[in-house]
Amino acid sequence: MAKRPIVRIDEELCNGCGLCVTPCAEGAIEIVDGKARVLKEELCDGAGFCLSVCPTGALTVEEREAPAFDHAAAEALMAQRGPTYIAQTCFMCKGSEDQVPLVPCRFQGSSLWVCTHCLPRLIHG
Ligand code: SF4
């Protein structure tokens, strides 16, 4: 095994809400016994798209020894799962990303999505 970026889940912070499961296109994250877990590390590419949806900050990407990312296994699982897209919403106006572009942000210790209409208000008050 070699060192590479991979998702780390802080069990103390994880509340088992499951919001991180769908954004993980590779299907690496599952909820087991009320906690998010990376059951097959070879399915996690370490890209970290799950980080911004976690309401508790339980997800980080760390550099550590892990099995190499398995493209073929991830693609096979994605094909088996089919489309899993769920539109995110702006935490301020509740607008959907189907209506306006969203960007990830940290606000009061939480990882959230904010739309480009609300972003100036968030920055400047
Ligand atoms: S989004 Fe965060 S709190 Fe929710 S299940 Fe995933 S790691 Fe746990």
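This is a predicted model: local features need pLDDT of at least 70, side-chain atom pairs count only at pLDDT 80 or more; totals for chains, interfaces and linings use all residues.

1. The domain assignment divides the chain into domain 1, covering 2-81, and domain 2, covering 87-125. Taken over C-alpha atoms, the centres of domain 1 and domain 2 are separated by 23 Å. The contact between the two draws 6 residues from domain 1 and 5 residues from domain 2, and the side of domain 1 that touches domain 2 consists, by class, of 4 nonpolar, 2 polar and no charged residues.

2. Around the ligand there are 14 residues, of which Cys14, Cys17, Cys20, Ala36 and Cys54 come nearest. Sorted by class, this shell holds 10 nonpolar and 4 polar residues, with no charged residues.

3. The largest nonpolar core has 16 residues, and those touching the most other members are Cys20, Ile29, Cys50, Cys54 and Leu59. Once neighbours within four places in sequence are left aside, cysteine 20 is in contact with Ile29, Ala36, Cys50, Val53, Cys54 and Leu59. There is also a second, separate core of 5 residues, among them Cys90, Leu102, Leu112 and Cys115.

4. Is helix 1 largely buried or in the open? Of the 11 residues of helix 1 (residues 71-81), the number buried is 1, so this helix lies largely in the open. Just after helix 1, glycine 82 adopts a positive phi of about 80 degrees.

Key
Residues are numbered from 1 along each chain as its sequence is written. A residue is near a molecule or strand if its C-beta atom, placed from the backbone, lies within 6 Å of it. Ala, Val, Leu, Ile, Met, Phe, Trp, Tyr, Cys and Pro count as nonpolar, Asp, Glu, Lys and Arg as charged, and the others, Gly among them, as polar. Domain bounds come from an automatic or database domain assignment. Two residues are in contact if their C-beta atoms, placed from the backbone, lie within 7 Å. A residue is buried if 20 or more other C-beta atoms lie within 10 Å of its own, exposed if 12 or fewer, and partly exposed in between; C-beta atoms are placed from the backbone. Helices (H or I, at least four residues) and strands (E, at least two) are DSSP runs, numbered from the N terminus. A nonpolar core is a set of buried Ala, Val, Leu, Ile, Met, Phe, Trp, Tyr and Cys residues joined through C-beta atoms within 7 Å.
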